[in-house]
Amino acid sequence: MPSRLANLWDAAKARTLSEPERLLYRSNLLGSDLRITNFGGGNTSAKVMQRDPLSGVEVEVLWVKGSGGDLGSMKLDGFATLYLSKLEQLKQLYRGPEHEDEMVGYLPHCTFNLNPRAASIDTPLHAYVPYKHVDHMHPDAVIAIAAASRSRELTGELFGGKIGWLPWQRPGFDLGLKIGAFAREHPEAQGVILAGHGLFTWGDTAEACYARTLQVTQAAADHLASRESVVAFGGKKTEAFPRGTRKAVAQAIMPVLRGKIMEKEPKVGHFDDSAEVLQFACSRDLEPLAALGTSCPDHFLRTKIRPLVLDLDREGDVKKLVASLDGKLEAYRNDYARYYQRCKRSDSPAMRDPNPVIYLVPGVGMLSFAQDKATARIAGEFYINAINVMRGASSVDRYVSLPEQEAFDIEYWLLEEAKLQRMPKPRSLAGRIAFITGGAGGIGRATALRLLAEGACVTLADVDAASLEQAVSDLARKHGKDVVHGVVMNVVDEDAVVAAFGDAVRHFGGLDIVVSNAGIASAAAVEETTLELWRKNMDVLATGYFLVARTGYRVLKEQGRGGSIVFVGSKNALAASAGASAYCTAKAAEIHLARCLALEGAPLGIRVNVVNPDAVIRGSRIWSSGSWKEERAAANKIGTDDVEEFYRKRSLLQRSVFPEDVAEAIYFFASEASGKSTGNILNVDAGNAVAFTR
Ligand SMILES: [Zn+2]
């Protein structure tokens with residue numbers, strides 16, 4: 001723990017708040033510090049006197065963080081509210097530990113004031129503690145104590161009788177009764193450590209409870225720090241590779257690995273080579289500790305119990321590593337299936353995806369894969385929590401993981417399964433990864449929005465750094481930072497294109513969709529077309545599309561799961577237009593390139609199709625910068641203000657074409673909706689007879 005936990009309680013501010021608002025204030029403070037609790041982990045509560053809406057009588061209401069969300073960012077509506085008297089009555093209905101899951105069904109009957117927020121499984125852990133305020137946190141430092149083999153003795157040595165200790169037990173009604181009984185029988189206690197799980201603290205005021213959580217966490221951290229002379233993880237076994245090599249190895253492995261683990265559903269990856277990951281991934285104890293599995297249930301629900309350790313020799317031979325992947329994955333999956341068979345109960349849900357979530361590469365770092373980017377990133381963060389716990393526990397004692405059956409019962413808990421079943425159906429591009437050139441322009445942005453709305457992760461590539469930054473931040477505001485990535489790239493620069501794809505692949509773990517869209521336009525009569533202008537058109541439109549398609553194609557081939565390449569062509573790729581021979585010819589080259597690629601890609605499941613827009617004026621950089629608009633206006637003998645109307649009237653359908661219209665066609669080719677189409681052209685031009693395909 002680098003710095004001490006500061007008490008951030010602002011008493012003046014807290015005085016102005018109502019009791020529920022003070023609970024929220026405390027929750028946000030606690031949840032904003034990852035040393036105190038992991039993302040989405042832990043919960044807080046307060047018992048508040050409130051007027052019953054029916055009887056008008058003052059009753060005691062339990063405000064407790066409900067299901068879902070994160071303490072650090074939650075709002076008041078994140079709390080469930082329940083009549084404490086009704087929660088007390090549940091004790092009469094309780095039939096014993098083998099029936100404790102049925103108690104969850106009674107919780108909604110205790111709801112106060114029609115609050116729609118669902119009460120979480122941890123609700124009884126707060127309800128029966130006879131104090132007004134209760135915090136339940138997952139601090140790495142405390143879990144390190146809780147996951148040590150001498151956890152009980154260590155708790156006694158560190159805290160005397162002030163913090164008690166309870167053996168591991170799955171959270172639920174029964175554990176709630178035990179914590180309540182402990183608090184009543186030990187009036188001197190200010191909290192309790194739950195073995196293999198985390199910390200409970202309580203107090204009479206919000207401020208006292210908050211301060212206590214901080215004190216206990218700090219004391220645990222101080223104790224671990226005093227043991228820093230103990231060499232972590234048995235010392236270093238191998239040196240970390242330089243950063244450049246680590247990145248290169250990650251981007252070489254990720255698409256291949258992804259291709260092998262997306263049998264059931266597409267996945268998104270995340271790469272982490274932070275110092276704490278490298279310390280573990282380069283250590284002597286990597287293999288034995290990784291095999292033990294993570295302890296805190298919050299951790300392994302996200303990470304699976306065990307990571308997969310990959311072999312990378314000192315030469316950093318990626319080919320050898322890749323060649324070993326099939327065997328490694330097969331062994332992991334078999335191991336997981338055996339674990340399922342050993343532990344399953346008569347009513348257990350069917351076995352889930354047996355592939356690993358976390359991959360550790362000695363000298364390189366950690367890869368994580370999940371159904372979306374945020375889940376993959378958070379799984380990685382949770383494994384770092386687990387690393388911290390293992391380091392702490394091993395420094396004071398011997399680290400112990402949960403018994404296998406306990407872990408299984410949590411992983412395949414029927415209540416967890418019910419939660420999974422309630423999840424909305426994944427969107428059509430969930431887990432898919434797209435790369436869009438000209439990403440900051442009108443069609444590029446509209447396409448990104450369309451694909452993001454369907455659940456894809458998107459890398460925007462653009463030559464204009466300022467516009468790119470703006471586009472990425474606009475899209476991230478709407479869809480979240482996790483799913484949008486930007487990379488500056490000039491499509492005519494071979495090295496830049498290769499580097500940009502490498503960057504994107506490392507960022508999201510692979511590739512499914514390439515949209516080649518970056519373009520220019522120019523007009524000149526043939527006798528006035530300079531060689532320079534000709535070459536510029538050929539460079540950006542023909543060669544640029546070639547470089548982007550070839551680089552993307554290589555990644556798709558390595559990944560081995562097919563993919564979709566979409567070219568944004570032009571009406572002029574099919575229809576000749578006077579005074580624009582360089583542009584028209586280069587655009588025609590794109591179409592033929594797409595057909596050739598469709599032919600070569602078909603055996604690999606790589607589809608290549610073309611969308612031909614015409615006169616997409618609104619939002620277009622081609623039409624708004626440079627002289628293209630003036631040139632087109634002059635060629636058609638109209639004013640520049642009349643251009644949009646001119647093109648609308650020229651179309652058969654008499655309609656203007658917008659970037660969103662083109663994006664819709666690109667989405668069609670990018671998605672499985674067009675799974676049986678390749679080598680095709682779709683015009684989005686409001687109808688233009690000269691461009692009818694034949
Ligand atoms: Zn917990």
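## Basis of the model

Because the model is predicted, local features need pLDDT of at least 70 and side-chain atom pairs count only at pLDDT 80 or more, whereas totals for chains, interfaces and linings use all residues. Residues are numbered from 1 along each chain as its sequence is written, and side-chain values use heavy atoms, with hydrogens and water left out.

## The zinc site

The zinc ion has three protein donors, His 136 (NE2), His 138 (NE2) and His 197 (NE2), which lie 2.1 Å from the ion. Donors here are N, O and S atoms within 2.8 Å of the metal (3.2 Å for Na, K and Ca), and sites may look incomplete because water is not among the atoms. Along the sequence, the spacing of the donor residues is H-x1-H-x58-H. His 136 belongs to strand E4 (residues 133-137), while His 197 sits in the loop between strand E6 (191-194) and strand E7 (198-203), so this pair ties together parts that are 61 residues apart in sequence. Strands (E, at least two residues) and helices (H or I, at least four) are DSSP runs, numbered from the N terminus.

Both His 136 and His 197 are buried, a term that stands for under 20% relative accessible area, with exposed meaning over 50% and partly exposed lying in between (1.4 Å probe, protein chains only).

## The seven-stranded sheet

Strand E4 is also part of an open sheet of seven strands, whose order is E3-E2-E1-E4-E7-E6-E5 and whose pairing is mixed. Two strands pair if DSSP finds at least two bridges between them, and the edge strands E3 (79-83) and E5 (163-166) each pair on one side only. Within the sheet, E4 and E7 are antiparallel and share five bridges, and Asp 135 has Thr 201 in E7 as its bridge partner.

## Strand E11 and its partners

Strand E11 (residues 365-370) is mostly covered, since six of its six residues are buried. Strand E8 (residues 268-272) runs antiparallel to E11 and is joined to E11 by five bridges, while strand E10 (residues 358-361) is also antiparallel to E11, with four bridges. Met 366 in E11 is the bridge partner of Asp 272, and Met 366 is likewise the bridge partner of Leu 360. Three residues lie between the strands in the hairpin of E10 and E11, where Gly 363 takes a positive phi near 80 degrees.

## Aromatic contacts

A pair of aromatic rings is described by the distance of the centres and the angle of the planes. Rings of Phe, Tyr and Trp (its six-membered ring) pair if their centres lie within 6.5 Å, and planes under 30 degrees apart count as stacked, over 60 as edge-to-face and the rest as tilted. By this rule there are 19 aromatic pairs. In one of them, the rings of Tyr 339 and Phe 408 have centres 5.6 Å apart and planes at 75 degrees, so the pair is edge-to-face. Tyr 339 lies in helix H13 (residues 318-343) and Phe 408 in helix H15 (residues 404-411), so the pair ties together parts that are 69 residues apart in sequence. Tyr 339 is buried at 4% relative accessible area, and Phe 408 is buried at 1%.

For Phe 668 and Phe 669, the ring centres are 5.5 Å apart and the planes are at 45 degrees, so this pair is tilted. Phe 668 is partly exposed, at 33% relative accessible area, whereas Phe 669 is buried at 3%.
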